[in-house]
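Here is a colleague's note to read beside the structure, written point by point. Please keep the sequence and the model open, and look up each residue as it comes.

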Amino acid sequence: MLRGMIPEKPPLKTPEEIALMREAGKVVAEALRLARQMAQPGVTTAEIDRAVEDLFHQRGAISLFKGYPGRVPYPAVTCISLNEQVVHGIPGPRKIQPGDLVKIDTACKLNGWCADAAICVPVGEIQPEIRRLVQVTEETLQIAIREIGRKQWWSEVAALMQKHVRDAGFSVVEKFVGHGIGRVMHEPPQVPNYVSPQTKHADFRLVPGLVLAIEPMVNMGRKEVVELADHWTVITRDRLPSAHCEHTVALTPTGVQVLTLD
Ligand code: MF3
Ligand code: CO
């Protein structure tokens, strides 16, 4: 989500509510597994979107992306962003090619509870530097999942995420952040993947009952991004590749649980 929401108290969830979110998470994981299999040379991004839409329909799940308010309502059930596209790419007639880096993001509501996740799929022969970008981004998400069970404050986790990216020579996108999630897709708190004097004021304690959509966006070059004329697609300003992955993660009384796994 776009950085800049008003900070409020994050609504905490009971173990029973987290169990319901887990069911939504399984549908998201199934959708992304299908999308990963379909992401092959010659397949259009619209075909992948249609398959996810059909799956949500079969599972009785509601898309959280389609109709999402913006300058124009978001028109699809997935965001599919290629190469220099960072997030919010709109599926369409473009065919995936060997060498493309395909980021697929989707979210649904099932029985009143939401889940949100994203994967990064390298297609065919990928440049080694792009492979490393994907690996570092996935490691950054895993660091966050591990550390939210150990640290007191989100800023301590975000600092470790930022360090991992910077040590690799890449940059963290700051314009977009993760978010709390529950009965709606975007709840407080904002979940930045970096620390700065500004993020200090919106820091929050890592307490049982928090459910977060953690979603590092990592640019190979500089952190700056720009929005295209379609009012959705976000690309890197320097046109270098970007990677993104996301899980919905719950802090429970008995530990960290990733809700968007198969
Ligand atoms: N995972 C993204 C987010 O949390 C996707 C939102 S796309 C939109 O912001 F279509 F819903 F806007
Ligand atoms: Co999200």
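**Notes on the model**

1. The backbone oxygen of Leu133 and a polar atom in the side chain of Thr137 lie 2.7 Å from each other. This model is a predicted one, and every distance quoted here should be read with that in mind. Thr137 itself belongs to helix α3, which covers residues 128-147. With a relative accessible area of 1%, Thr137 is buried, because buried means a value under 20%.

2. Turn next to the ligand. Ligand 1 is surrounded by 14 residues, and the closest of these are Met1, Asp105, His179, His186 and Glu215. On the side of Asp105, an N or O atom of the side chain is 2.8 Å from a nitrogen atom of ligand 1. His179 has an N or O atom in its side chain that is 2.8 Å from an oxygen atom of ligand 1, and a polar side-chain atom of His186 lies 3.0 Å from an oxygen atom of ligand 1. Taken on its own, ligand 1 has 330 Å² of accessible area, and the protein covers 99% of it. As for its place in the protein, ligand 1 sits in the largest pocket.

3. How many aromatic pairs does a search of the whole structure find? The search finds 3 of them. One of these is formed by Phe65 and Tyr74, whose centres are 6.3 Å apart and whose planes make an angle of 90°, an edge-to-face arrangement. Phe65 counts as buried at 7% relative accessibility, and Tyr74 counts as buried at 2%. Phe65 and Tyr74 also belong, together with Trp232, to one aromatic cluster.

4. Trp154 lies in helix α4 (residues 154-167), while Phe204 lies in the loop between β8 (187-191) and β9 (211-214), so the pair ties together parts that are 50 residues apart in sequence. Both residues are shielded by the protein: Trp154 counts as buried at 2% relative accessibility, and Phe204 counts as buried at 7%.

5. Some details of the backbone are worth checking by eye. The peptide bond that leads from Pro188 to Pro189 is cis, with omega near 0°, and Pro189 is placed in strand β8. In the loop between β7 (178-180) and β8 we find Gly182, which counts as buried at 0% relative accessibility. Gly182 and Met161 are 21 residues apart along the chain, and their C-alpha atoms are separated by 24 Å.

Definitions and conventions. Residues are numbered from 1 along each chain as its sequence is written. Chains are lettered from A and ligands numbered from 1 in the order in which they are written. This is a predicted model: local features need pLDDT of at least 70, side-chain atom pairs count only at pLDDT 80 or more; totals for chains, interfaces and linings use all residues. Side-chain values use heavy atoms; hydrogens and water are left out. Rings of Phe, Tyr and Trp (its six-membered ring) pair if their centres lie within 6.5 Å; planes under 30 degrees apart count as stacked, over 60 as edge-to-face and the rest as tilted. Buried means under 20% relative accessible area, exposed over 50%, partly exposed in between (1.4 Å probe, protein chains only). Helices (H or I, at least four residues) and strands (E, at least two) are DSSP runs, numbered from the N terminus. A residue is near a molecule or strand if one of its heavy atoms lies within 4 Å of it. A polar contact is a pair of N or O atoms within 3.5 Å; within protein, one must be able to donate a hydrogen and the other to accept it, and residues adjacent in sequence count only if both atoms are side-chain atoms. Accessible areas come from the Shrake-Rupley method with a 1.4 Å probe; for residues, only the protein chains shown count as cover. On a 1 Å grid over the protein atoms alone, a cavity is a set of points where a 1.4 Å probe fits but cannot get out, and a pocket is an open set with protein on both sides within 12 Å along at least five of seven lines; lining residues have an atom within 4 Å of a point. A molecule sits in a cavity or pocket if more than half of its atoms lie within 2 Å of its grid points.
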